[in-house]
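Subject: Handover of a structure and the findings from it

Dear colleague,

Please find the structure below, handed over for your reading.

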Amino acid sequence: MEQQQLIASFQRLFLAGRRLFSFPWAELEEQLKESRDNLLLLYILQKTVLHPLCVRHPPSVNYRRLFLSELIKKHESTVVEPLDELYEALGDVLNMDESTQCYKSYFLPTGETITLSENVAIISEGTTGLVTWEAALYLGQWAMQEPDLFNNRTVLELGSGTGLAGLTVCKTSHPKRFIFSDYHQHVLKQLSNNIQLNGFHVGSENDPCTKENFFAVGGDLHHKLRSEIKVLELDWETVTEAQLSQLQVEVVIAADVVYDPEIIVSLIRVLKTLLNCRTREKAPDVYVASTIRNPETYILFQTNFKSNGMEQQILPSNNNQYDFVFRSKQRRI
């Protein structure tokens with residue numbers, strides 16, 4: 001691995017908060033032994049912990065501490081001169097108080113980033129929706145390569161969570177209208193904050209292209225088209241066919257919603273209703289991304305889907321041209 005590629009890999013993995021074992025530590029050790037100076041470590045430090053994006057929107061204190069400790073181990077295993085900046089950075093982190101909130105940032109092919117505020121704990125406020133899950137990464141990665149599926153169309157995302165998949169669609173394609181949805185109040189609040197954090201401002205009722213809770217997309221100069229973005233409170237158990245039909249949805253996406261057998265029935269009901277809500281005489285396209293943790297739960301979803309008269313197709317994996325730098329359990333759309 002070339003030095004610039006190694007530095008970029010460390011940066012992307014660090015800012016996205018990926019697990020430390022996934023970093024190319026062996027390649028780093030090899031290059032440190034060959035170079036016999038500490039410039040490589042300094043470059044990595046500048047592109048990670050000292051990077052302006054990390055300073056503004058940092059990963060958790062504990063994550064930064066563990067990352068810097070590992071860098072110091074690699075540094076001390078070589079014969080290079082001590083790097084004061086490395087120890088100073090660790091000292092600064094050790095003096096910080098841990099917070100319940102952290103940030104993760106993901107690089108897009110354009111060079112832009114999507115930055116998300118998340119909860120440090122996997123389960124918080126009685127929900128898992130305050131963190132980003134693997135299937136959202138996979139769905140976002142896939143969506144970047146399929147912009148024509150979303151251009152000038154109305155898109156509904158079920159179970160948006162922190163908003164990664166939806167924000168990826170909004171930043172890499174031009175939907176006519178994008179509707180983020182979830183049910184938990186804390187999730188909806190954090191989701192709205194993440195939308196604004198990524199350059200999308202909250203529109204008022206007086207704006208010519210906004211209504212009620214719509215957001216006007218205008219944060220990114222490369223967006224030549226304006227979209228309408230809405231954050232919708234959507235309860236799968238109580239939402240009616242009339243309410244779903246009113247949305248005039250043309251594309252439905254969802255990530256990591258197939259994880260609990262108890263919600264599969266209500267999820268299937270919503271999907272079936274949406275497929276019956278035709279826009280311009282055409283049923284919406286539906287894409288559900290799943291990380292298969294429990295095969296029985298996934299099979300239950302497939303079985304219920306088929307028993308309700310709906311057809312499904314497993315899409316082939318894309319070519320990873322745009323990768324959010326993760327490798328995990330089996331994923332499927």
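A residue is called buried when its relative accessible area is under 20%, exposed when that area is over 50%, and partly exposed in between, using a 1.4 Å probe and protein chains only. Valine 187, at 1% relative accessibility, therefore counts as buried.

Before the details, a note on the source. The model is predicted, so local features need pLDDT of at least 70 and side-chain atom pairs count only at pLDDT 80 or more, while totals for chains, interfaces and linings use all residues. Residues are numbered from 1 along each chain as its sequence is written, and side-chain values use heavy atoms, with hydrogens and water left out.

Overall view

The protein chain holds 12 helices and 10 strands. These elements are DSSP runs numbered from the N terminus, with helices (H or I) of at least four residues and strands (E) of at least two. Of the 333 residues in the chain, 53% count as buried. A contact means heavy atoms within 4.5 Å. Among contacts between residues at least 6 apart in sequence, 68% join residues at least 24 apart. One example of distance along the chain and in space is given by valine 187 and valine 131, which are 56 residues apart in sequence and 9.3 Å apart from C-alpha to C-alpha. Valine 187 belongs to helix α9 (residues 185-197).

Rings of Phe, Tyr and Trp (its six-membered ring) are paired if their centres lie within 6.5 Å; planes under 30 degrees apart count as stacked, over 60 as edge-to-face and the rest as tilted. By this rule there are 13 aromatic pairs. In one of them, the ring centres of phenylalanine 14 and phenylalanine 67 are 4.6 Å apart and the planes stand at 45 degrees, so the pair is tilted. Because phenylalanine 14 lies in helix α1 (residues 3-15) and phenylalanine 67 in helix α5 (residues 61-76), the pair ties together parts that are 53 residues apart in sequence. Both phenylalanine 14 and phenylalanine 67 are buried. Ring pairs also link these two with Phe10, Phe23, Trp25 and Tyr63 into a cluster.

Helix α5 has 16 residues, and its first and last C-alpha atoms are 22 Å apart, close to the 22 Å expected at 1.5 Å a residue. The expected span is 1.5 Å times one less than the number of residues in the helix. The buried residues of α5 include Val61, Tyr63, Arg64, Phe67 and Leu68. Those buried residues pack against α1, α2 (25-35), α3 (39-47), α4 (52-56) and α6 (84-94).

In the loop between α4 and α5 sits histidine 57. Histidine 57 is buried, with a relative accessible area of 18%. Leaving aside residues up to four places away in sequence, histidine 57 touches Tyr103, Thr115 and Leu197.

Helix α12

Helix α12 (residues 295-307) has 13 residues, which should span 18 Å at 1.5 Å a residue; its end C-alpha atoms are 18 Å apart, which agrees. Its buried residues are Thr297, Tyr298, Phe301, Gln302, Asn304 and Phe305. They cover an arc of only 165 degrees around the axis, which puts them on the same side of α12. The arc is that of the directions from the helix axis to the C-beta atoms. Glu296, Lys306 and Ser307 are exposed on the other side of α12.

At the N-terminal end, α12 is capped by asparagine 294, with a side-chain oxygen 3.0 Å from the backbone nitrogen of glutamate 296. After α12 comes glycine 309, whose phi is positive, near 80 degrees.

Asparagine 152 lies in the loop between α7 (134-144) and β3 (154-158), and is exposed, with a relative accessible area of 55%. Glutamine 248 lies in the loop between α10 (241-246) and β8 (251-255), and is partly exposed at 39%.

How many disulfides does the structure hold? There are 0, where a disulfide is a pair of cysteine sulfur atoms within 2.5 Å. Cysteine 170 counts as buried at 4% relative accessibility, and cysteine 277 counts as buried at 9%.

Yours sincerely

Technical notes: Polar contact = N/O pair within 3.5 Å; in protein donor to acceptor, adjacent residues only side chain to side chain.
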